[in-house]
Amino acid sequence: FYTGTRCTLAEFGHNRDGKNGYPQIVYGLLSSEEGCPVAVEVFPGSTGVPTTLSKQIEKIRRRFAIGRVISVGDRGMIPARHIDEQFRPVAGLDWVTALRSAAIRKLLNQGRIERSLFDEQDLVEIEAPDYPGERLIVCRNPFLAAEAALDGLYVIRTSVSAERFSDEQAVRAYKDLSKVEQAFRCLKTVDLKIRPIYHYLEHRVRTHVFLCMLAYYVEWHMREWLKPLLFAEEEPDAAEELRASVVTPAGRSAGARAKERSKRTAEGLAVR
């Protein structure tokens, strides 16, 4: 949200911060699979979230000359209407997203999802006529059973073929959105605190946001380099091997747990 009144970018729109009495600006952050920021773009505050995504995809394909793009976004970022209108007609553009609760209920009512499928497994691929040429990967996580009707179910929706992405890889790609969410948290509230913005000239507001992204870029690399001195996971492959399933919460490797217990590195240095 934007506390000034003179910026031409600041407009009223759907406020994700719950500050409905303030105008806002909207910015779209593009990151790599590992969560490293790649680009950022500022939009007027009335811009819908899916519009920011289409702009970033256009940037990837034209500026970075990448022909095949798999875009991963949450339910709000890649809505069904957006897929039909802007994704499906474009060759070389695939998606990984998730279904909303209403769509999952519809699949349950149609009998497409049978609870007996999860007696011995926690994810299964299904097909449905409402999603032609797509894969639906139904996951059951008992830790997410807050809504009795859905019983801990969530459904990953993707156009990527099984030869390119296994069921587990598609679920993991969706879960990797947490790395982008971490970047937003860092920019907005935790470390860099993009607000307040005192500029009102459009190019200065854009520059302010761009500098914040560059600062996070530096922080991201510093965290990578300083992992041995942080409580960060240094052995993600080892941690993944300890995981019973991609559906269950991620665990910690033996080395990471040792750092947590001792508060020291293997060399005896204090862990921060």
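## Leu 269, out on the partly exposed side

Leu 269 counts as partly exposed, at 47% relative accessibility (buried is under 20% relative accessible area, exposed over 50%, partly exposed in between, with a 1.4 Å probe and protein chains only). This is a predicted model, where local features need pLDDT of at least 70, side-chain atom pairs count only at pLDDT 80 or more, and totals for chains, interfaces and linings use all residues. Residues are numbered from 1 along each chain as its sequence is written, and side-chain values use heavy atoms, with hydrogens and water left out.

Leu 269 is in the segment after α8 (254-262) (helices are DSSP runs of H or I, at least four residues, and strands are runs of E, at least two, numbered from the N terminus). Leaving aside neighbours within four places in sequence, Leu 269 is in contact (heavy atoms within 4.5 Å) with Leu 229, Lys 263 and Arg 264.

## Arg 135, tucked away

Arg 135, found in strand β6 (residues 135-140), is buried, with a relative accessible area of 7%. Its side chain makes a polar contact with the side chain of Glu 125, at 3.3 Å (a pair of N or O atoms within 3.5 Å; within protein, one must be able to donate a hydrogen and the other to accept it, and residues adjacent in sequence count only if both atoms are side-chain atoms).

## The largest core

The largest nonpolar core has 21 residues (a set of buried Ala, Val, Leu, Ile, Met, Phe, Trp, Tyr and Cys residues joined through side-chain atoms within 4.5 Å). Helix α6 gives the most to this core, with six residues.
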